[in-house]
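Please keep the sequence and the structure in view while working through the points.

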Amino acid sequence: KDTNSILLHIDFSFDAPKLGGSSFSQIVNTLGTEVPEIGDVDYFKCAFDAVQKLIDKGLVLAGHDISAGGMITTLLEMNFGNKDWGLSVDLSGITEESLVKTLFSENPGVIIQVASLKGVEKILTDLGVCFSVIGSPIQSRELNIKKGNRTLNLSIDKLRDVWYKTSYLLDKQQ
């Protein structure tokens, strides 16, 4: 709940965003032909260790892995536990041009919230870990996403209800 804090995206995959086998692909009734891979195992280990180092030093305020559902699900889930706050996100620093691939790819990675870049940037840079500053919390119950000339303004509460209903229905089927 700190509007001065910063969200960082750290990609662990070292691979282009891919939608094959993703939740998004299932929803649009396709399997896809390419799935995310770990492009460099040593980089993956280094990125993982760097995040652990940031946590150990108390520099991470919050964080969430990118997995099922992709970055969009991660950003939403980071907000489901509060009632009053949201996020303003600018994905322009991420090189993938497709907003769909950027948001829905399930390439391994994390989004972390830090109080400031001081210290964090040095650790990540010294360890050779790439990251993008993508946004910060806002005092509005929205997830506002910008990439290039595209803007999405999403209601966190409405999407939380959809997420919860879908999870509930899946649990009942099992």
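Is R160 buried, partly exposed or exposed? R160 is partly exposed, with a relative accessible area of 27%; buried means under 20% relative accessible area, exposed over 50%, and partly exposed in between, using a 1.4 Å probe and protein chains only. This is a predicted model, in which local features need pLDDT of at least 70 and side-chain atom pairs count only at pLDDT 80 or more, while totals for chains, interfaces and linings use all residues. Residues are numbered from 1 along each chain as its sequence is written, and side-chain values use heavy atoms, with hydrogens and water left out.

**Salt bridges**

- Side chains of opposite charge can pair when their charged atoms come close.
- The structure holds 6 salt bridges, a salt bridge being a side-chain nitrogen of Lys or Arg within 4 Å of a carboxyl oxygen of Asp or Glu.
- One of them links D15 and K18, whose closest N and O atoms are 3.1 Å apart.
- Both D15 and K18 are buried.

**R160 and its partners**

- R160 forms a salt bridge with D157, at 3.1 Å from N to O.
- R160 and D157 are 3 residues apart in helix 6 (residues 156-173), so about one helical turn separates them.
- Helices (H or I, at least four residues) and strands (E, at least two) are DSSP runs, numbered from the N terminus.
- D157 is partly exposed, with a relative accessible area of 26%.
- R160 also forms a salt bridge with D161, the closest N and O atoms being 3.3 Å apart.
- D161 is partly exposed as well, with a relative accessible area of 45%.
- Through shared partners, salt bridges connect R141, D157, R160 and D161 in one network.

**Another residue of helix 6**

- V162 belongs to helix 6 and is partly exposed, its relative accessible area being 48%.
- V162 and L7 are 155 residues apart along the chain, and 25 Å separates their C-alpha atoms.

**Strand pairing**

- Strand 3 (residues 86-90) and strand 6 (residues 142-147) run parallel and are joined by 4 bridges; two strands pair if DSSP finds at least two bridges between them.
- L87 has L143 in strand 6 as its bridge partner.
- Strand 6 also pairs with strand 7 (residues 150-155), in the antiparallel sense and over 6 bridges.
- I145 has L152 in strand 7 as its bridge partner.
- The hairpin of strand 6 and strand 7 has 2 residues between the strands, and G148 takes a positive phi near 60° there.
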